Amino acid sequence: MKDLKKLVIFDLDGTLVDSIEDLADGVNYALEKNNLPTNELSEYYYFVGNGMEHLVRSALKSKGADDELYKTVRRDFDSYYEVHSNDKTRAYEGMEDLLSVLQSKGVKTAVLSNKAHVYLKDILKKAFPNHKFDLEFGQREGIPRKPDPQALLMLISELGYDKSDCLLVGDSDVDILTAKNAGIDAVGVLWGFRTKDELLESGAKNLAENADELLRLINSL
């Protein structure tokens, strides 16, 4: 039997927390403020996952390549989201218990997100008030975002583990490709923002329907 993984690294949005309404509300606020058409909530599931610039440019659709318009809308989004990033965001069912079990087994936990780093602390504190993550990496200037493996490898190195000891958990092709690029195992979760087909097409070999299945996979990989 393989030893239990020593470090489990989680994506944030769509994996640990359901944040789609706060993100959609923020972008739609900025669009409306600039007399631009807003988007349906369902569209935002495909706009998120690649960082906030990609989110805003995607929401602008045909006007997304207009740099000046992007900067204006982005400023309005940032000013709104700084205040309202945690209004409706919540932990997914079963994730708090899963983190507690991992902690009891001595497994370290970390977060790797394409969301701007400044937002992570407050979101995680509200969603998981009884859990302390060992390290949290959000998107920061000068470090390429996922699926580039640089941030993931930095995180693993900072915590002092070998890649074979680690597992990445996420809900999108971005996460699966990040793990592949870094050379570590991955699990795709099916409760998040993207589809099972997307995860399979990106090369996901392990999929979890719920937190109990995820725990079984963590125990077996």
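**View 1. Helices α5 and α10 pass each other in a right-handed crossing.** A crossing is left-handed if the near helix is turned anticlockwise from the far one by less than a right angle, and right-handed if clockwise. This is a predicted model, in which local features need pLDDT of at least 70, side-chain atom pairs count only at pLDDT 80 or more, and totals for chains, interfaces and linings use all residues. Residues are numbered from 1 along each chain as its sequence is written, and side-chain values use heavy atoms, with hydrogens and water left out. The axes of α5 (residues 95–104) and α10 (residues 211–220) come within 9 Å and cross at roughly 25 degrees. That makes α5 roughly parallel to α10; angles under 35 degrees count as roughly parallel, over 145 as roughly antiparallel, 65 to 115 as roughly perpendicular and the rest as oblique. Axes are lines fitted to C-alpha atoms, for helices over the stretch in contact, and angles run from 0 to 180 degrees between N-to-C directions. Helices (H or I, at least four residues) and strands (E, at least two) are DSSP runs, numbered from the N terminus. On the α5 side, look for M95, L98, V101 and L102, which meet A211, L214, L215 and I218 of α10; contact means heavy atoms within 4.5 Å. The residues of this contact are eight nonpolar, no polar and no charged. Here Ala, Val, Leu, Ile, Met, Phe, Trp, Tyr, Cys and Pro count as nonpolar, Asp, Glu, Lys and Arg as charged, and the others, Gly among them, as polar.

**View 2. Six strands form an open sheet with parallel pairing.** Reading across, the order is β5-β4-β1-β6-β7-β8. β5 (135–139) and β8 (207–208) stand at the edges with a single partner strand each, so one side of each is left without a neighbour in the sheet. Strand β4 (residues 108–116) pairs with β5 in the parallel sense over four bridges; two strands pair if DSSP finds at least two bridges between them.

**View 3. Helix α4 packs with α3 and with α1.** Helix α3 (residues 52–60) and helix α4 (residues 67–84) pack at an angle of about 115 degrees, with their axes 10 Å apart. The crossing of α3 with α4 is right-handed. M52, E53, L55, V56, R57 and L60 of α3 meet α4 residues D67, L69, Y70, V73, R74, F77 and Y81. This contact of α3 with α4 has nine nonpolar, no polar and four charged residues. For α1 and α4, the angle is about 140 degrees and the axes are 8 Å apart. α1 and α4 are therefore oblique to each other. Their crossing is right-handed. Among the contacting residues are D22, L23 and Y29 in α1, and D76, Y80 and H84 in α4. By class, the contact of α1 with α4 has nine nonpolar, two polar and four charged residues.

**View 4. N206 lies in the loop between α9 (196–201) and β8.** A polar atom of the N206 side chain lies 3.2 Å from the backbone oxygen of A186. Leaving aside neighbours within four places in sequence, N206 is in contact with A186, V187, G188, L217 and L221.

View 5. Most residues other than glycine have a negative phi, and most peptide bonds are trans. A cis peptide bond joins K146 and P147, with omega about 15 degrees.

Methods: Polar contact = N/O pair within 3.5 Å; in protein donor to acceptor, adjacent residues only side chain to side chain.
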